[in-house]
Amino acid sequence: MKSIKLGDFDLRIRKREEESKYINIGVILGAVVSSFILIGIAISSYGVSPIEAYQLGFSYALSPSGFSGLIVRMIPLLLVGLAVYIPLRAGLYNVAGGAGIYGGGIAAAAIGLATPSFGRLSLLMALLGGAVAGMVILAIPGVLRAYWDINEILTTLLLSFMFVRLNNYAVTVMRGEGGTLTGEALPANAVSPTIGGGIHIGLAIAILGFVLSYFLFRRTAFGYEIDMFGDNPTAAVRSGINRNKIIIGTFLIGGLLSGIAGASEVVGLHGRLLPDFSPGYGFTAVAIAIIGRKNIYRVLGATFLFAFVYIWGSRIELLLPVPTAVIAVFEATVILFFLVGEGIVNYKVNVEKQTSAEEKEVSSV
Amino acid sequence: MSQFISLLELAVPATTPLLLACLGEIFSERSGVLNLGIEGLMSIGALAAIIVVLSGGGLWAGVLMSVVVAGVGALVFAVLTISLKSDQVVSGVMIALLGVAVANFYGNNWSGETISTFSQTKLPLIGDFLASIPYVGELLFMNTPLDYLALILVPISWYVLFRTKLGLKITAAGNESKAADTMGIDPIKIRYLTVLISGLFAGLAGAALSLGFTGYWTANLIDSRGWIAIAIVIVARWDPLKAIIGAFAFGFTYSLQFGLQGFNYQSLPLSDALSGTYEFLFDPIIISTYPFVVTIAMLVFFSVGTNTDLVAPQELAKNYIREGE
């Protein structure tokens with residue numbers, strides 16, 4: 001125990017027993033504000049006024065085109081965020097959001113290009129194909145962890161790095177005409193209809209995904225088992241919960257969600273396969289899931305926050321001489337400040353009258 | 001044969017950063033701390049080294065700066081996990097993300113400029129003799145000073161971990177931290193020390209890449225080597241002597257990216273029947289995925305049928321919290 005002696009009194013640092021909702025929200029807000037300040041300092045090193053950068057970003061995000069852009073960004077982030085969040089509730093780390101997105105995107109583009117004569121069915125098949133591809137990919141770390149206890153963090157990360165490259169390869173295979181390296185444009189039947197400034201079918205999928213995830217933990221036995229396993233795997237297994245079912249099951253759900261996220265980006269946003277079409281969404285999803293922790297509404301809030309940061313970052317990168325890496329810097333600092341805040345808040349300072357060791361022994365007898 | 005030797009020659013400089021990062025990670029993991037931030041620490045180290053050299057400092061000043069910067073980064077991770085008891089995995093992934101992002105952010109101004117890297121030299125006194133060994137002589141004993149440093153650090157790390165009191169304390173902190181604490185070994189202090197070591201080694205690894213190999217900075221220079229180094233720790237069973245074999249195997253797969261460029265697969269058997277397969281396998285982008293495929297395959301190979309729990313530190317990735325704290 002850490003203690004500082006002050007005369008007869010001890011200042012002791014103790015773990016806080018109850019969790020306060022307001023403190024939690026305060027920690028998140030504090031982390032966001034501190035990060036914005038820190039990023040402001042970083043931006044000013046490029047000779048850009050942080051105030052100007054913030055004004056540009058905020059006024060754009062509040063404009064109609066900025067708002068639809070925000071919704072469009074939230075679609076993949078929410079789906080991949082949930083893909084990390086669900087295994088995380090079982091205490092498992094899925095850092096392969098990127099692998100699922102790219103795998104789903106490649107599958108959707110291939111199916112879309114191969115089925116021009118299937119009418120509107122083509123769109124549905126592309127989306128389902130993306131979901132299946134994501135599940136197949138994420139089954140690998142799930143099975144490896146379940147049967148041979150192979151660290152899922154490393155396997156999911158390595159798969160992510162692999163699929164960024166495989167996607168670039170797939171783009172060269174499906175290369176379309178024109179000067180820039182992009183995949184061939186999908187036939188109209190495979191492309192999602194859009195409303196209001198590019199909002200596509202992914203929005204409906206993301207909402208459905210969110211609602212189903214909500215009911216998974218609120219209403220189903222499997223959701224309950226995931227939580228039990230997450231709290232204490234040993235006790236959960238002793239009470240008859242199937243460990244492999246939890247591990248492989250949560251990873252399959254993660255694969256489905258991230259695969260369909262990639263597919264909806266391809267058929268909805270881009271209409272073709274693009275190189276690097278997921279700018280670090282897999283890592284952002286980890287940040288979203290961590291802020292979400294045990295509360296799915298917080299996942300939604302974090303998705304909004306990071307979608308906003310993406311919009312803001314890409315806007316100032318376009319107009320001011322600031323590198324895109326500013327977005328990733330922000331993500332990481334928010335989470336690190338959040339962890340610092342949690343660490344400080346979890347331990348509160350107690351002032352206690354000092355008692356000598358002998359007195360303690362007497363009183364305990 | 002000569003083609004194979006030239007591939008091996010490329011593998012040595014690719015091995016050094018992996019080996020250094022891996023050695024540092026062995027220290028922190030043996031004491032119970034899973035430091036996943038290596039990729040980020042290597043990034044800021046590599047950039048810091050290049051900036052010093054481009055600003056007129058010497059190569060060794062660059063190495064020193066790299067070590068200092070990565071060491072400070074490691075201390076941030078240490079405060080988060082060891083003092084504030086944050087989740088090691090989350091903190092590590094975020095330190096990695098932050099390090100890469102910060103390096104990309106500030107590196108923007110420094111990319112494109114090239115420095116002259118550490119030159120390949122023979123060791124003093126016995127260098128001439130060693131380099132004259134057929135086939136492997138030039139390969140192993142005609143390298144940069146940082147390559148030799150990495151090589152020397154292998155037995156030193158092994159000795160410290162397995163033959164000294166400090167090594168015992170590190171093992172105790174990673175396996176029986178409560179018992180160690182009651183016997184007067186402070187796991188907190190030990191873990192701070194080993195995380196710092198992992199940061200210093202990651203800095204060296206970054207410098208070995210930027211000052212010993214590429215000679216320039218570019219975005220994402222580290223290219224996942226930090227993560228692969230962490231996988232090597234598992235494959236090497238937390239043993240520095242085995243780490244050198246693992247690091248070389250992975251260095252070799254990295255070197256394929258350069259070594260197999262323009263490789264003529266017509267000479268391979270069944271090239272008519274398998275030309276499509278060969279074309280796929282020798283595509284430069286596909287070759288760049290080999291390190292990841294090989295790493296996953298190695299993790300599987302070394303995990304199936306063996307009980308990792310027997311060799312892994314018992315309290316790996318578990319924060320030490322004193323009773324009543």
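Helix α13 of chain A is largely enclosed by the rest of the structure, because 16 of its 21 residues are buried. A residue is called buried if 20 or more other C-beta atoms lie within 10 Å of its own, exposed if 12 or fewer do, and partly exposed in between, with C-beta atoms placed from the backbone. Helices (H or I, at least four residues) and strands (E, at least two) are DSSP runs numbered from the N terminus. The model is predicted: local features need pLDDT of at least 70, side-chain atom pairs count only at pLDDT 80 or more, and totals for chains, interfaces and linings use all residues. Residues are numbered from 1 along each chain as its sequence is written, while chains are lettered from A and ligands numbered from 1 in the order in which they are written.

The length of α13(A) was also examined. At 1.5 Å a residue, its 21 residues should span 30 Å, and the end C-alpha atoms are 30 Å apart, which agrees. The expected span of a helix is 1.5 Å times one less than its number of residues.

Chain A contains 14 helices and three strands. Of its 365 residues, 48% are buried. Contacts (C-beta atoms, placed from the backbone, within 7 Å) were then sorted by sequence separation. In chain A, 80% of the contacts between residues at least 6 apart in sequence join residues at least 24 apart. One residue of chain A illustrates such a separation. A:P233 lies in helix α9 (residues 233-238). A:P233 counts as partly exposed because it has 17 C-beta neighbours inside 10 Å.

Chain B has 15 helices and zero strands. Buried residues account for 49% of its 325 residues. Of the contacts in chain B with a separation of 6 or more, 80% are between residues 24 or more positions apart. The C-alpha trace spans about 70 × 55 × 45 Å along its principal axes. A compact globule of 325 residues would have a radius of gyration near 20 Å; chain B has 20 Å, which agrees. That radius is taken over C-alpha atoms, and the globule rule is 2.2 Å times the number of residues to the power 0.38.

The two chains touch. Chain A gives 41 residues to the contact and chain B gives 38. On the side of chain A that touches chain B, β2 (9-15), α5 (121-148), α6 (152-173), α11 (281-292) and α13 (326-346) each supply at least two residues. The largest share, 13 residues, comes from α13(A). By class, this side of chain A holds 30 nonpolar, five polar and six charged residues. Here Ala, Val, Leu, Ile, Met, Phe, Trp, Tyr, Cys and Pro count as nonpolar, Asp, Glu, Lys and Arg as charged, and the others, Gly among them, as polar.

Two packed helices are described by the angle between their axes and the distance between the axes. Axes are lines fitted to C-alpha atoms, for helices over the stretch in contact, and angles run from 0 to 180 degrees between N-to-C directions. Between the chains, α6(A) and α11(B) (residues 225-235) have axes that come within 11 Å and cross at roughly 145°. In this pair, A:L154, A:L157 and A:L158 meet B:W227, B:I230 and B:A231. The contact comprises six nonpolar, no polar and no charged residues.

Within chain B, α7 (residues 145-163) was examined in turn. Its 19 residues should span 27 Å at 1.5 Å a residue; the end C-alpha atoms are 26 Å apart, which agrees. The buried residues of α7(B) are B:L146, B:D147, B:A150, B:S157 and B:L161. α7(B) packs against α12(B) (residues 240-259) at an angle of about 145°, with the axes 8 Å apart. B:V154, B:S157, B:W158 and B:L161 of α7(B) meet B:P240, B:L241 and B:I244 of α12(B).

Two residues of chain B other than glycine have positive phi values. B:D223 has phi near 50° and is found in the loop between α10 (187-214) and α11. It is partly exposed, with 17 other C-beta atoms within 10 Å. B:A317 has phi near 70° and is found in the segment after α15 (290-303). B:A317 counts as partly exposed, with 19 C-beta neighbours inside 10 Å.

Conventions:
Two residues are in contact if their C-beta atoms, placed from the backbone, lie within 7 Å.
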